[in-house]
Amino acid sequence: MKHLLDFQGWTRAEVESLLDTARVMAEVLERPVKRVPALQGFTVATVFFEPSTRTRLSFELAARRMSADVVSFAAATSSLQKGESYKDTLLTLEAMGVDAYVIRADAAGVPHQATRWVRGAVINGGDGRRAHPTQALLDAYTLLEALGGLEGRKIAIVGDILHSRVARSNAELLPLLGAEVWGAGPPALLPQSLPGVRLTPRLDEALAEADAVMVLRLQKERMEAGLVNLEDYIAHYQVTEARLKKAKPEAPLLHPGPMNRDVELEGTLADSARSLVNRQVHNGVAVRMAVLYHLLVGRER
């Protein structure tokens with residue numbers, strides 16, 4: 001693969017190979033010296049036209065752990081404020097000799113367009129509500145750690161599925177690894193269909209005997225005003241201790257962040273032993289190291 005834009009065209013074997021590399025990278029991160037020279041001489045640019053904490057910092061740390069040079073671009077302090085286009089911004093970075101671009105944008109399709117403008121590898125760090133493939137990869141990696149395998153496992157995704165790029169990428173990836181994926185949320189926050197996912201407005205149905213539960217944030221910045229009543233959402237769709245009893249005992253909880261405590265997820269659950277939220281963040285560095293390695297070292301070969 002030259003780029004990571006989504007999982008269209010990926011095979012299960014390719015995904016599993018990447019996750020195997022992530023396990024090797026995780027071992028590197030456990031060493032006293034958490035650095036290898038795998039990407040020495042390469043330059044990675046994090047190009048974020050939209051704010052981010054976890055994705056941006058973990059990619060920058062991942063690149064540095066493999067000895068790459070890192071160029072960090074922030075829209076708020078760039079020439080975008082003077083009217084420069086996304087294309088010209090990327091062409092400027094291309095002229096500086098960047099080898100890989102991690103791109104986040106509020107509009108769907110920007111990373112795809114970028115592959116026409118630059119020669120380097122393009123990684124989708126989240127585009128609009130369309131896709132967030134590295135988040136799905138770290139989710140899958142974390143689930144595999146917790147469950148041992150995904151074949152035949154029921155994974156429930158709960159919340160604002162309509163606006164979630166994380167849900168869409170997991171809908172592509174988790175079934176590819178053998179999981180049965182259910183999605184639950186208010187009717188106004190469910191798409192008409194989502195390939196790979198069984199959608200239902202009934203939370204209990206999605207949680208019933210679930211092996212793991214992924215909770216999504218209400219993305220108010222992407223939804224129309226008045227689309228959801230917060231009190232109604234909390235009353236009927238907040239994942240609580242009582243509602244989680246429908247799932248299998250000790251079913252782990254995931255959340256891609258940022259989290260609104262006591263809105264989509266009961267605060268005590270966020271800090272409970274079954275919460276893998278911080279583990280997801282931890283695993284994100286190893287997974288993104290693997291992505292950079294596969295795209296850059298693989299291209300050189």
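1. The largest pocket. In this predicted model, helix 2 (54-65) and helix 6 (165-176) each supply at least two residues of the lining of the largest pocket. The volume of this pocket is about 340 Å³. Its lining comprises 20 residues, and those closest to the centre are R104, R165, R217, G257 and P258. Sorted by class, the lining has seven charged, eight polar and five nonpolar residues. As background, rolling a probe the size of a water molecule over the atoms shows where empty space is left.

2. A cis peptide bond beside the pocket centre. G257 and P258, both listed among the residues closest to the centre of the largest pocket, are joined by a cis peptide bond with an omega of about -5 degrees. P258 is placed in the loop between strand 9 (253-254) and helix 10.

3. Four strands form an open sheet in the order 2-1-3-4, and their pairing is parallel. Strand 2 (69-74) and strand 4 (121-127) are the edge strands, each pairing on one side only. On average, neighbouring strands of this sheet are turned by 15 degrees against each other, direction ignored. In general, strands of a sheet pair through backbone hydrogen bonds.

4. Strands 1 and 3, and the helix on the sheet. Strand 1 (residues 43-48) runs parallel to strand 3 (residues 100-105), and five bridges join the two. Within this pair, F48 stands opposite R104 of strand 3. Helix 3 (residues 86-95) packs on the sheet and touches strand 1, strand 2 and strand 3. The direction of helix 3 makes about 160 degrees with that of strand 3. R104 also links this point to the first, as one of the residues closest to the centre of the largest pocket.

5. Strand 5. Why is strand 5 (residues 154-158) described as largely enclosed by the rest of the structure? The reason is that five of its five residues are buried, a term that requires a relative accessible area under 20%. Both faces of strand 5 are covered: I155 and I157 are buried on one side, and K154, A156 and V158 on the other. Strand 5 is joined by five bridges to strand 6 (residues 180-184), and the two run parallel. Here K154 stands opposite E180 of strand 6.

6. L199. This residue belongs to strand 7 (residues 197-200). L199 has a relative accessible area of 27% and is therefore partly exposed. The C-alpha atoms of L199 and A184 are separated by 5.9 Å, although the two residues are 15 residues apart along the chain. Leaving aside residues up to four places away in sequence, L199 has contacts that include I161, G183 and L190.

7. S275. The loop between helix 10 (267-270) and helix 11 (277-300) holds S275. Is S275 buried or exposed? S275 is buried, because its relative accessible area is 16% and the cut-off for buried is under 20%. Not counting residues up to four places away in sequence, S275 touches L253, L269 and A270.

8. Two residues with positive phi. Most residues other than glycine have a negative phi. E209, which is not a glycine, has a positive phi of about 60 degrees; E209 lies in the loop between helix 7 (203-207) and strand 8 (212-215). D262 likewise has a positive phi, near 65 degrees, and is placed in the loop between strand 9 and helix 10. With a relative accessible area of 44%, D262 is partly exposed.

How values were computed: Residues numbered from 1 in each chain as written. Predicted model: local features only at pLDDT ≥ 70, side-chain atom pairs only at ≥ 80, totals over all residues. Heavy atoms only, no water. Pairing = 2+ DSSP bridges. Axes fitted to C-alpha atoms, helices over the stretch in contact; angles between N-to-C directions. Contact = heavy atoms within 4.5 Å. Buried < 20%, exposed > 50% of the residue type's maximum accessible area, 1.4 Å probe, protein only. 1 Å grid on protein atoms, 1.4 Å probe; cavity = no way out; pocket = protein on both sides within 12 Å on 5 of 7 lines; lining within 4 Å. Points joined across faces, edges and corners; volume = space filled by probe spheres on them. Nonpolar A, V, L, I, M, F, W, Y, C, P; charged D, E, K, R; others polar.
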